[in-house]
Amino acid sequence: MTSQAADGPETVAASRRSKITPAREREFFDAVLEQIRECGYESVTMEGIAASTRCSKSTLYRQWKTKPQFVAAALRASRRVRFAGIDTGSLAEDLRQAARAAGDWSGKDTKLLQALGHAVTADHELALALREALVHPEVAALQEMLARGVARGEVPAGHPALEYIPAMMFGVLRVRPVLSGQYADAEYLARFVDATVLPALGLTQDPGRRSRDD
């Protein structure tokens, strides 16, 4: 059996009566996302997840019906705002800290994005779940940083580069593995911000930054 629902009628009520605990559900979600990273989306099956987590496949089908629904639920449950709490009072330093934070998780998330590449183009729910889990929270946090920078007068409100900063930050995460076979780590992304993002916004490097970092 592949990603299709198990034979036999299933109802929403039956799904809601499932006795899966939050901890057990987290185990299922972690298992499916890790197997997608390692094997690719198409190679992962509900049967395989059931075997690796020592549960019956009917348990998974009763709760989520299909593989796309299961993976979408796992993605939504993994939603994290990794840029939350970054507010140094300086837009340049906020962006540097965001770059370092992105570098700390870029390997796992970039691998997951790559593994889901074709599947998300074919399944709307999966694509939406991926954006909700890995894209929208971080884009919103970046936009808040930029808005604070504008409010402080660091960047003009109408600066044409403002709308492209999220694309620059996320684009380099996806592209570097293609260009060099390496993930964009924290130091690489911090250098990228200094060399590319800050000049695009008209911000000059803080002359005291190097001495503080040394």
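## Close-up views of pockets, a cavity and helix contacts

**View 1. Charged residues line the largest pocket.** The residues of its lining divide into nine charged, four nonpolar and one polar. This is a predicted model. The volume of the largest pocket is about 240 Å³. Its lining has 14 residues. Nearest the centre of the pocket lie Arg37, Ser78, Arg82, Lys108 and Asp109. Two helices, H2 (22-39) and H6, each supply at least two residues of this lining.

**View 2. The second largest pocket is lined by residues that include Trp105 and Asp109.** Its volume is about 170 Å³. Thr110, Leu113, Leu134, Val135 and Phe170 also belong to the lining. So do Gly171, Leu173 and Arg174. By class, this lining holds six nonpolar, two polar and two charged residues. Which helices each supply at least two residues here? They are H6, H8 (124-151) and H9.

**View 3. The structure holds one cavity of 30 Å³ or more.** General idea: rolling a probe the size of a water molecule over the atoms shows where empty space is left. The largest cavity has about 50 Å³ of space. Seven nonpolar residues line this cavity, with no polar and no charged ones. Find Phe83, Ala102 and Trp105 in the lining. Then find Met169, Phe170, Leu173 and Leu189. Helix H6 (91-115) and helix H9 (165-180) are the elements that give two or more residues to the lining of the largest cavity. H9 gives the most, with three residues.

**View 4. Helix H6 packs against helix H9.** Two packed helices are described by the angle between their axes and the distance between the axes. For H6 and H9, the angle is about 50° and the axes are 9 Å apart. That makes H6 oblique to H9. The crossing of the two helices is right-handed. On the H6 side, the contact holds Leu95, Ala98, Ala99, Ala102 and Trp105. Ser106, Thr110, Leu113 and Gln114 complete the H6 side. They meet Ile165, Met169, Leu173, Arg174 and Pro177 in H9. The residues of this contact divide into ten nonpolar, three polar and one charged.

**View 5. Helix H8 meets helix H9.** Their axes come within 10 Å and cross at roughly 135°. H8 and H9 are therefore oblique to each other. Is the crossing left-handed or right-handed? The crossing of H8 and H9 is right-handed. Look for Leu134, Val135, Glu138, Val139, Leu142 and Leu146 in H8. Their partners in H9 are Ile165, Pro166, Met169 and Phe170. By class, the contact has nine nonpolar residues, no polar ones and one charged. Leu134, Val135 and Phe170 also line the second largest pocket.

**View 6. Ala73 sits in helix H5 (residues 67-77).** Which residues does Ala73 contact, leaving aside its neighbours within four places in sequence? They are Phe29 and Trp64. Now look from Ala73 to Leu130. These residues are 57 residues apart along the chain. Their C-alpha atoms are separated by 9.8 Å.

Definitions and conventions:
Residues are numbered from 1 along each chain as its sequence is written. This is a predicted model: local features need pLDDT of at least 70, side-chain atom pairs count only at pLDDT 80 or more; totals for chains, interfaces and linings use all residues. Side-chain values use heavy atoms; hydrogens and water are left out. On a 1 Å grid over the protein atoms alone, a cavity is a set of points where a 1.4 Å probe fits but cannot get out, and a pocket is an open set with protein on both sides within 12 Å along at least five of seven lines; lining residues have an atom within 4 Å of a point. Grid points are joined across faces, edges and corners, and a volume is the space filled by probe spheres set on the points. Helices (H or I, at least four residues) and strands (E, at least two) are DSSP runs, numbered from the N terminus. Ala, Val, Leu, Ile, Met, Phe, Trp, Tyr, Cys and Pro count as nonpolar, Asp, Glu, Lys and Arg as charged, and the others, Gly among them, as polar. Axes are lines fitted to C-alpha atoms, for helices over the stretch in contact, and angles run from 0 to 180 degrees between N-to-C directions. Angles under 35 degrees count as roughly parallel, over 145 as roughly antiparallel, 65 to 115 as roughly perpendicular and the rest as oblique. A crossing is left-handed if the near helix is turned anticlockwise from the far one by less than a right angle, and right-handed if clockwise. Contact means heavy atoms within 4.5 Å.
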